[in-house]
Amino acid sequence: MAKNTERKEFQIPTDLSGVQKASAKALAFLKPLDLGEPCVFDIRLCLEEALINAMKYGNRLEKGLQVRLVVEYEAGREVRIAVEDQGSGFDVKSVEDCTQKKNLLRGHGRGVYLIHQLMDEVKFNAKGNRVLMVKRFKRQH
Amino acid sequence: MEVKSLNLEGVWVVEVAGEINLSTSQALKKSFEKLPVKKIVVDLVGVSYIDSSGLATLVELLKKTKSQGGSMGLAGMSEKVKSLFEITKLDKLFQIYPGQKEAVNSIK
């Protein structure tokens with residue numbers, strides 16, 4: 001870990017009603033970075049989409065399972081957020097493109113796409129139960 | 001999230017304020033169920049945040065409106081909220097207006 005890196009880890013119970021509280025804690029940890037509102041919006045949205053997917057599809061809403069959230073930042077450079085569920089994983093390639101005409105009217109499937117569009121880097125592990133999202137930024141002042 | 005409905009010149013205007021996310025989108029869906037869907041404008045000027053479930057709720061309303069031969073418009077989005085519609089290509093699906101007045105005038 002680089003010298004000016006800060007890191008915090010959270011264990012979150014699988015409970016959709018707890019997603020916003022977890023996201024608020026993560027954003028509070030990032031407050032010293034003084035990121036602009038648009039950047040905070042993107043990070044919050046991607047984090048919440050990832051947490052919801054981890055709970056709904058990864059852990060299948062099983063109350064006893066946890067979601068591991070790790071938030072790291074290097075001041076003046078980037079924020080790295082990892083979300084990991086305890087499920088058996090999924091095939092990342094099976095997620096259809098929600099922007100294709102045949103999928104536009106679907107009631108779901110935009111979360112992963114938004115993450116890819118709003119973050120600078122997105123990596124899933126081979127199993128498909130962990131996602132790493134990176135947002136790069138410059139200091140506001 | 002707060003929802004207020006009013007009828008303007010025969011068009012149902014639904015003014016939404018706050019956040020449309022996983023915890024509030026069901027309540028928004030329920031408020032839409034009470035309205036006739038012939039002509040509807042959803043005013044999002046007061047919406048500060050929307051997630052994929054919020055987008056899905058608006059898509060569901062659009063589908064219902066269209067299936068009943070009605071018209072629907074979205075109005076007053078912030079730049080950030082509008083960018084999510086553009087990113088997901090939903091701006092090709094919805095009629096989007098800068099403000100409530102323009103939307104009502106077009107839909108009525």
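Two residues are in contact if their C-beta atoms, placed from the backbone, lie within 7 Å. The model shown in these views is predicted, so that local features need pLDDT of at least 70 and side-chain atom pairs count only at pLDDT 80 or more, whereas totals for chains, interfaces and linings use all residues. Residues are numbered from 1 along each chain as its sequence is written, and chains are lettered from A and ligands numbered from 1 in the order in which they are written.

**View 1. Gly70(B) and its surroundings.** Gly70(B) touches Val37(B), Lys38(B), Lys39(B), Ile40(B) and Thr65(B), when residues up to four places away in sequence are left out. Gly70(B) sits in the loop of chain B that lies between α2 (52–67) and β4 (71–75), where helices (H or I, at least four residues) and strands (E, at least two) are DSSP runs numbered from the N terminus. With 17 other C-beta atoms within 10 Å, Gly70(B) is partly exposed; a residue is buried at 20 or more such atoms within 10 Å, exposed at 12 or fewer, and partly exposed in between, with C-beta atoms placed from the backbone. Leu84(B) is 14 residues from Gly70(B) along the chain, and their C-alpha atoms are separated by 24 Å.

View 2. Strand β2 (residues 11–20) and strand β3 (residues 39–50) of chain B run parallel and are joined by eight bridges, two strands being paired if DSSP finds at least two bridges between them. Within this pairing, Gly18(B) stands opposite Val47(B) of β3(B). A further five bridges join β3(B) to β4(B), again in parallel, and here Ile40(B) has Met72(B) in β4(B) as its bridge partner. The chain crosses from β3(B) through α2(B) to β4(B) in a right-handed β-α-β crossover, and β2(B), α1(B) and β3(B) likewise make a right-handed β-α-β unit; right-handed applies if, with the strands pointing away from the viewer, the path from the first strand over the helix to the second runs clockwise.

**View 3. The antiparallel strands around β3(A).** Strand β2 (residues 66–74) of chain A pairs with β3(A) in the antiparallel sense over seven bridges, with Ile81(A) in β3(A) as the bridge partner of Val71(A). The hairpin of β2(A) and β3(A) has three residues between the strands, and in it Gly76(A) takes a positive phi near 80°. β3(A) also pairs with strand β5 (residues 130–136) of chain A, in the antiparallel sense and over seven bridges, and Glu78(A) has Arg136(A) in β5(A) as its bridge partner.

**View 4. The side of chain B that touches chain A.** In the complex, 16 residues of chain B are in contact with 21 residues of chain A. On this side of chain B, α2 and α3 (79–87) each supply at least two residues, and α2(B) gives the most, with six. The residues of this side divide into eight nonpolar, three polar and five charged, where Ala, Val, Leu, Ile, Met, Phe, Trp, Tyr, Cys and Pro count as nonpolar, Asp, Glu, Lys and Arg as charged, and the others, Gly among them, as polar. The predictor gives the complex an ipTM of 0.91 and a pTM of 0.93.
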